[in-house]
Amino acid sequence: MFLRRFSDPVSVITYCIKKFSTESGNRQVAKLKLDIYFDTISPYSWPAFEVISRYKSRWNLDITWKPVFMGGLTVAAGNSYIESMTGCPNKASYTFKDLETRTGRYFEIPLKMKSDPISHIGIIGSLSQQRFVTAVQQEYPELLENICREIWTRSWGPEDLSSHTQEDLNIIATRAGLSADQIKTCFEKQKSPVVKQTLKDITEEAVERGAFGSPTLFFMQGDKEEMFWGSDRFDMIASIYGLEWAGPNPAKL
């Protein structure tokens, strides 16, 4: 009966490969807890965010998104990353080239280098947008991923626009699927002592756990915890936890 479904050996082989890949991708794996500390002003947090979203089911991830204020985090951790960038032209040149020509293409996101990334990160900063992200998380957690993705798309995508003003955030929130009433609620919540303290507390928590930048990921399974920084360690994470790494976009397989 099985063989009657196919007219040639190639079809049989193709069927078997697809069936094996599907079963491998859907096999049950032990739940893996993940705390991810991130700031939407960080370009390297975007690919990490997308990979985690793509592997959520495949790796059976129990994700806790933890928005932080990167400016406060780096100061508290003693990480003078802006000074290290401006004080070392070779490092700045490498980073800008990496973001402009390779990172977006590899992770399949529309990431582009900003015309003035230093001002965007070091002068304007992310306090306003991260408070808004925190407000969305508290009020409409199901829309958190949408709002973060739209902030990155606007600020680190081809538009190369700001993402910190109320006008910016209104456009971003609308694109993310929030209604006018929901946006109003989040703007009100953004200014509240609860949101301000929550963002401050989570930022301090990240530093206490060892974070010095964004993104910082803590994977936990049983009594085993591993910290990773950046967006380029997913193959190592898979190896440590006995998971399958199928590239930055496993849906392509």
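In which handedness of crossing does α7 pass α8? In this predicted model, α7 passes α8 in a right-handed crossing, and the legends below begin with that pair.

**View 1. Helices α7 and α8 pack against each other.** Helix α7, which covers residues 127–139, and helix α8, which covers residues 144–156, pack at an angle of about 160 degrees, and their axes lie 9 Å apart. Angles over 145 degrees count as roughly antiparallel, and α7 and α8 are therefore roughly antiparallel to each other.

**View 2. Residues that form the contact of α7 with α8.** The crossing of α7 past α8 is right-handed. On the side of α7, the contact is made by Q129, F132, V133, V136 and Q137, while α8 contributes L144, I147, C148 and I151.

View 3. W229 belongs to strand β4, which covers residues 224–229. With a relative accessible area of 44%, W229 is partly exposed. When residues up to four places away in sequence are not counted, W229 touches F212, G213, S214, P215 and T216. The C-alpha atom of W229 is also separated by 7.8 Å from that of A211, although the two residues are 18 residues apart along the chain.

**View 4. The setting of these close-ups in the whole protein.** The secondary structure comes to 12 helices and four strands, and 45% of the 253 residues of the protein count as buried.

Technical notes:
Residues numbered from 1 in each chain as written. Predicted model: local features only at pLDDT ≥ 70, side-chain atom pairs only at ≥ 80, totals over all residues. Heavy atoms only, no water. Axes fitted to C-alpha atoms, helices over the stretch in contact; angles between N-to-C directions. Helix = DSSP H or I, 4+ residues; strand = E, 2+ residues; numbered from the N terminus. Parallel < 35°, antiparallel > 145°, perpendicular 65-115°, else oblique. Left-handed = near helix turned anticlockwise from the far one by under 90°. Contact = heavy atoms within 4.5 Å. Buried < 20%, exposed > 50% of the residue type's maximum accessible area, 1.4 Å probe, protein only.
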